[in-house]
Amino acid sequence: MSLTHPALLDVYETAYSRNPGEPEFHQALYEVLESLGPVIDQHPEYTEAGVLEALVEPERQVIFRVPWVDDNGKVQVNRGFRVQFNSALGPYKGGLRFHPSVNLSVIKFLGFEQIFKNALTGQGIGGAKGGSDFDPHGRSEREVMRFCQSFMTELYRHLGEHTDVPAGDIGVGTREIGYLFGQYRKITNRHESGMFTGKGVLWGGAQVRTEATGYGAVYFAKEMLATRGMQLDGMTSVVSGSGNVAIYTIKKLQELGARPITASDSSGFVVDEAGIDLELLRQIKEVERGRISEYATRNPRAEFVKGGNVWEVPAQLAFPSATQNELDADSASSLVENGVIAVAEGANMPSTPGAVRVFQSNDVLFAPGKAANAGGVATSALEMSQNASRQRWGFNESEDRLHEIMVDVHQAAFEAAERYGSPGDYVVGANCAGFVRVADAMLAQGVI
């Protein structure tokens, strides 16, 4: 598929020229727009009303400095971002990422993807993303706290439970959210539980939120396999990453009878043919915040591969769960040669366009991140509901609701792919289904 529709090509070229030097954002734009030709042909009112031109332009972009003092008394200055992309369906919703790779292009690509992901959940939330080039790794607890407090001292004025509701992402877990929320509460003199999600369960957080993105990716894969009369039980799985998404992808795969055999970080990856020892992985990554090589040091049956390519490990299922563009066309070809059946993206845009083409041309079931990893933001919306009603749901009830939402997301993408002439293409299905929901809301609310 390529971007040949004249109206869509014009939108893309205008957005490209307005946003120079932003390759990740350009990639996300192209990936969505190239799917929408059949929708535009069936709904000329979207073009006539300028919906596309408005959709690719963020409603608001905030860039700010974040000064803080390290443990040696030296002043450090980082850059903070919040891109509030679209609020037609509800308050802005999207995570905060703390990582050295963060820049405006990365945040805009994530925020743009978030629009459609959030729309697919049916939870009434808009799309946004934010973060900083601050790296929490190797920093003391006090340094992380001081940075978070400085970051929120500027960002708080743009947030609120009816305006913009952040959550975590790479580098932002319960610890960071605690410091951010505490500073927001201190500055505003308001305990707005619903203005931040991913909180600790004891102070307003939701059960299953920590597990939701990984669990959701597995549930989506389960639904995809069912369309071909297959199930997860007994399938060997390769998972990248070793953070929150990867850990709980591995956990749910094991619960449903699959055998996940890998985990990775920036130093390399481990292969454990007997199946990943989840408790050991969690101890190293969640408690000790150590490197993945420690897993092989403590588990003699596992092999650590420094650097390397986790996608060369033979498996029937693949779950890219680390970061954007981690899986290229060569890696996709290796997976195909080794018999991969289905790929579900736990991370945001982890597969390059070339990789996606390889999967689709070889009839591999492929679930894009905006559909497969929607479980995280869906459960964040459930957390917002609980905060608004001062309720606390149990783990089983929360997981049941997550499962139902992921079944609905799969159904929406599956049916939209058929409706717009690309049966079985979840990229087209997810993009079209999410876009129509947002576009209809934008039409109804006028030129704003």
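This is a predicted model: local features need pLDDT of at least 70, side-chain atom pairs count only at pLDDT 80 or more; totals for chains, interfaces and linings use all residues.
**Entry 1**

I started at aspartate 363, which counts as exposed because its relative accessibility is 52% (exposed is over 50% relative accessible area, buried under 20%, partly exposed in between, with a 1.4 Å probe and protein chains only). Residues are numbered from 1 along each chain as its sequence is written, and side-chain values use heavy atoms, with hydrogens and water left out.

Next I looked up what the Asp363 side chain meets: a salt bridge joins it to arginine 228, at 3.0 Å from N to O (a salt bridge is a side-chain nitrogen of Lys or Arg within 4 Å of a carboxyl oxygen of Asp or Glu). Aspartate 363 sits in the loop between α14 (353-361) and β13 (365-367), and arginine 228 in the loop between α9 and β6 (236-239), so the pair ties together parts 135 residues apart in sequence. Helices here are DSSP runs of H or I with at least four residues, strands are runs of E with at least two, and both are numbered from the N terminus. Arginine 228 has 36% relative accessibility, so I put it down as partly exposed.

**Entry 1: other salt bridges**

How many salt bridges does a search of the whole structure find? I got 26.

I picked out glutamate 383 and lysine 199, whose side chains meet at 2.6 Å, N to O. Glutamate 383 is in helix α16 (residues 375-389), while lysine 199 is in the loop between α8 (174-188) and α9 (209-226), 184 residues away.

Then I checked arginine 259 with glutamate 273, a salt bridge at 3.6 Å, N to O. They are 14 residues apart: arginine 259 in strand β7 (residues 259-260), glutamate 273 in the loop between β9 (268-271) and α11 (278-287). Arginine 259 is partly exposed at 31% relative accessible area, and glutamate 273 is partly exposed at 47%.

I also jotted down a salt-bridge network linking Lys251, Lys252, Glu255 and Glu399.

**Entry 2: Ile261**

I finished on isoleucine 261, in the loop between β7 and β8 (262-265). Its relative accessible area is 0%, so isoleucine 261 is buried. Beyond neighbours within four places in sequence, isoleucine 261 has contacts (heavy atoms within 4.5 Å) including Thr236, Val270, Glu273, Ile276 and Pro314.
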